[in-house]
Every structure is written in C-alpha cells, then in structure tokens.
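Subject: Structure handover

Hello,

I am passing on the structure we discussed, with the sequence alongside. My notes follow below it.

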Amino acid sequence: MPTAFKTYSYRPLTGPLDVRSLPQNMVPGAFRWKQNFAVTQQGNLCRMPGWKRLFSERTANNFDLHDQLLPIQLYYDNNNPVSAGADANTAYPPGALCSGDVLFRYGVREPITLLFESTSPAGNRRLFAGTQSRLYQLNESDGNWLLITDGMGHDNTRFKAAQLGDTIIFTNGYDAPFAHVLDQAPQGCAIRRISAIEDLTTLDITAAGIVIAYNGLMLLMDVTQEGTRYTSRSRWSDMNNPVSWVSSNDSLANFQDLDYGEKILAAKELGGYLMIYTNRSIWRAQVQGGTSNVFGFQRVYAEKKNQDKCLCYPNSLVSTGSSHYYMGRDGIYEFNQYLPEPDLIDWLDTASGILYDNLDENCCEWPVAEYHPAEKEVWFSAPQLGDSCLPSRTLVASVKHSTSTYVDHGFSAFTNFRSDNQQDLRT
C-alpha cells in the first residue's frame with residue numbers, strides 16, 4: 001500500500017479573532033474548524049442533527065440489526081448423507097440428500113460492511129445488509145431480518161452486490177460469486193437462500209473482487225480463474241442474463257484484459273460510460289455493439305510509475321451524478337469527463353488532513369464514502385491507527401457550498417434507502 005501523507009494542524013478558534021492568523025483563502029469571521037455542523041441549502045450554518053436507529057418511529061426493535069440472528073445459522077450435517085430411497089416424509093431440504101442432524105454455525109457479531117438497496121422489476125424496494133460472513137434482507141413490514149447466507153468470507157473480506165432483473169449477484173473476492181433471486185427459498189444442505197452460478201463453475205471462476213451491472217450486462221472484475229488471479233480482467237454476462245457467462249455465437253458473454261500489471265479497484269457509471277479505476281489508470285468502457293467485442297475500452301488517465309492521483313482506497317469511490325470523488329494516496333480527488341486528469345480540490349484537500357494524518361494504511365478496504373443527494377454532501381469515513389480497521393472519523397464535504405465539517409464518529413457502510421413498507425403475502 002503506498003504511503004499516505006498529510007501534515008495539517010487543526011484547532012478550533014478561541015478568543016478574539018486575529019485576521020493576521022487567518023490563511024490567505026479565509027475571510028474574517030470564517031471558521032478554520034467545524035465539528036458536527038452542517039450547511040443548509042440556503043447556505044446557513046447550523047448544528048448537524050443527531051443519530052437515531054433505522055425506522056426508530058416503529059415499534060419493532062431490530063430494524064437496526066443489533067440482533068444478528070446468530071442462533072439460527074442452521075445447516076444439515078451432510079457428512080452422512082441419506083440414501084436416495086429415504087422416507088419422503090423426512091424433513092430434508094428439497095432435492096438434497098442430507099442427514100437428519102441439524103447443526104448451526106458458530107458466529108460472532110460483526111460490523112455491517114454492506115448496505116444495498118434492491119429494486120425489483122415490479123418496483124418493490126428491499127434493503128440488504130452484509131457482514132464479513134453473513135447476508136441479511138430486511139422485512140420492512142415487521143422489522144425482522146431474513147438470513148440469506150452465512151459462513152462466508154475470510155479475514156476482513158466484504159461483500160459487493162449488483163442487480164439485474166430479479167437476480168442479485170454477490171461477490172467478496174474470496175468465495176465464488178453466487179446468485180440470490182428475490183424471495184428465493186432456502187436450498188441444499190446448507191439451508192442458504194443463494195445459488196451457485198453454473199456457468200462460472202464451468203469456467204472455473206472461483207473469486208471476483210468487483211461486481212457491477214451496466215447497460216443490461218453484469219460484469220465481474222479482478223477475477224480468479226483456473227487457480228490464477230487476473231487483476232486486470234473484466235468479464236461480462238450475456239444481455240439481461242446475469243447467470244449466463246459462457247461465450248458462444250448466441251451469447252454476448254466474453255472478457256477483456258486491461259494492461260498487464262494493473263489491478264482493477266472499483267468501477268462506477270458516469271455520463272453513460274463505465275469508469276474503471278485501477279491502481280495505475282482510469283479507463284472508460286462503452287458498449288459498442290457486435291458479438292465479438294461488446295465493450296470498447298479507452299484509457300483516459302494514467303500514471304503508471306508513481307500512481308499519482310489514482311484511486312487508493314477502493315470503497316471510497318462515490319458518484320454525485322456529475323462527478324466521481326475518491327480517496328487517493330495523498331488526498332481526495334474529483335474526476336469527470338470534462339477534466340483532463342483527477343483534480344485535488346483545494347478546499348477539500350485542506351480539510352482532508354483530519355482523515356489522512358493518522359490514517360491506518362493497512363486497512364485499504366475500510367475507508368468508505370457515500371453521496372447524500374438531499375444535502376449535496378459527500379461523506380468519507382476512515383479508520384485511524386489503533387482502530388482495528390473500524391472507521392472512527394468522518395469528513396462531510398458540501399459540494400454545493402465548497403465547505404466541509406468533521407464528524408466525530410465513524411461508519412463502516414453507507415447507503416441511501418427509500419422506505420417501501422408494502423404488505424407482503426405473509427403479512
């Protein structure tokens with residue numbers, strides 16, 4: 001991990017204001033330090049509102065997932081499978097040959113590292129949450145969570161998710177990517193609401209670091225195939241078929257390798273293009289038609305030797321719709337199609353020392369970010385040395401008013417979720 005460096009000193013102003021002590025870009029009466037403040041849409045400074053648990057106005061008490069359902073991590077012991085002629089009335093999972101012993105996986109409480117809003121083809125919204133080893137779906141009508149899968153991941157891995165149609169593909173860079181069909185029933189001896197993707201098994205793809213949906217295609221990046229990790233590889237599915245990955249004359253599924261030695265860290269859509277960020281470059285991908293080469297890839301920025309201005313912390317990449325922001329090695333950058341290269345924003349660079357001065361550079365996956373569209377704010381949260389990789393400081397940047405504030409609290413995951421409290425069949 002490249003060394004991050006910043007050496008800014010911060011202290012709140014106290015006593016009479018001495019204009020001579022102000023930085024050149026500040027005016028008399030301005031603040032050098034704002035903590036837990038916000039700026040209204042009209043540009044007025046105000047105190048930031050406090051925190052409350054998810055759906056605190058409702059009576060159910062597990063909306064915030066404080067109960068992570070550890071005692072129901074059940075599975076069938078399949079070390080002694082029953083014969084095919086077993087009693088049909090025995091309570092085995094459909095189509096599975098498992099013994100009658102029901103066990104549970106021992107687990108502990110884990111930080112939430114994924115929050116994902118899913119919208120079904122019918123327009124229904126669902127909230128998914130993930131920890132290192134487990135995935136949950138919120139039942140908003142009763143405040144309960146459904147355990148989708150457990151016993152996954154390894155050593156601080158975190159889930160990524162993308163949706164195409166009614167299928168969500170999850171990956172974590174460790175386990176083979178798998179599918180969850182909305183409202184899928186438990187399957188197999190493991191009693192998980194997920195399915196292996198047969199085409200990926202056929203291709204011997206055992207891991208992928210990134211998954212993203214774009215223009216009717218599902219893409220996996222940083223792929224491990226046949227025991228070899230291809231960090232610069234992008235592989236995409238057939239059109240509108242997120243479980244079809246084998247190339248053929250009747251399928252658009254294929255793959256493309258970027259330059260050797262590059263590692264794809266993150267990707268997001270911007271201005272109709274798919275922007276792919278590696279440790280050395282920024283690439284622009286575009287669907288160009290045809291069956292032999294669906295995607296066209298163009299490098300729009302590169303700094304191969306020193307990796308200057310490149311993305312450093314993958315989960316800090318965030319989109320405001322018109323620009324991307326991310327944490328590089330030495331500061332927070334903005335990039336869009338109108339900039340020749342990533343821009344280290346002056347006002348945000350000065351404030352970002354609150355994250356960088358004591359940043360734990362060994363926790364590359366833990367700095368996270370999200371855009372709050374109602375307030376036009378980008379939130380960056382990162383761990384400090386001694387935090388065991390858990391974010392403890394947050395920088396809130398108002399991109400509308402070009403000002404920032406420090407929040408003395410950390411967040412391990414962000415999302416924007418719109419409530420959808422519709423009655424389901426069970427209710």
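Thr149 lies in strand β8, which covers residues 144–149. The model is a predicted one, and the points here should be read with that in mind. The relative accessible area of Thr149 is 1%; because buried means under 20%, Thr149 counts as buried.

What surrounds Thr149? Leaving out residues up to four places away in sequence, Thr149 touches Ser133, Arg134, Leu135, Phe178, Arg192 and Ile194. With one of these, Arg192, there is also a polar contact, made between the two side chains at 3.3 Å.

Ile72, Leu74, Val102, Phe104 and Tyr106 make up a nonpolar surface patch of about 520 Å². Val102, a member of this patch, is placed in strand β4, residues 102–104.

Last, the confidence of the prediction. Mean pLDDT for the protein is 86, with 85% of its residues reaching 70 or more. Residues 1–24, however, have pLDDT below 50, and in the model this stretch has 48 contacts beyond near neighbours in sequence. Residues 80–92 also stay under 50 in pLDDT; for that segment the model has 16 contacts beyond four places in sequence.

Regards

Notes: Residues numbered from 1 in each chain as written. Predicted model: local features only at pLDDT ≥ 70, side-chain atom pairs only at ≥ 80, totals over all residues. Heavy atoms only, no water. Helix = DSSP H or I, 4+ residues; strand = E, 2+ residues; numbered from the N terminus. Buried < 20%, exposed > 50% of the residue type's maximum accessible area, 1.4 Å probe, protein only. Polar contact = N/O pair within 3.5 Å; in protein donor to acceptor, adjacent residues only side chain to side chain. Contact = heavy atoms within 4.5 Å. pLDDT = per-residue confidence, 0-100. Patch = residues over 30% accessible without salt bridge, like charges linked within 9 Å, V, L, I, M, F, W, Y side chains within 5 Å. Areas by Shrake-Rupley, 256 points an atom, 1.4 Å probe, with all protein chains shown as cover. Salt bridge = Lys/Arg side-chain N within 4 Å of Asp/Glu carboxyl O.
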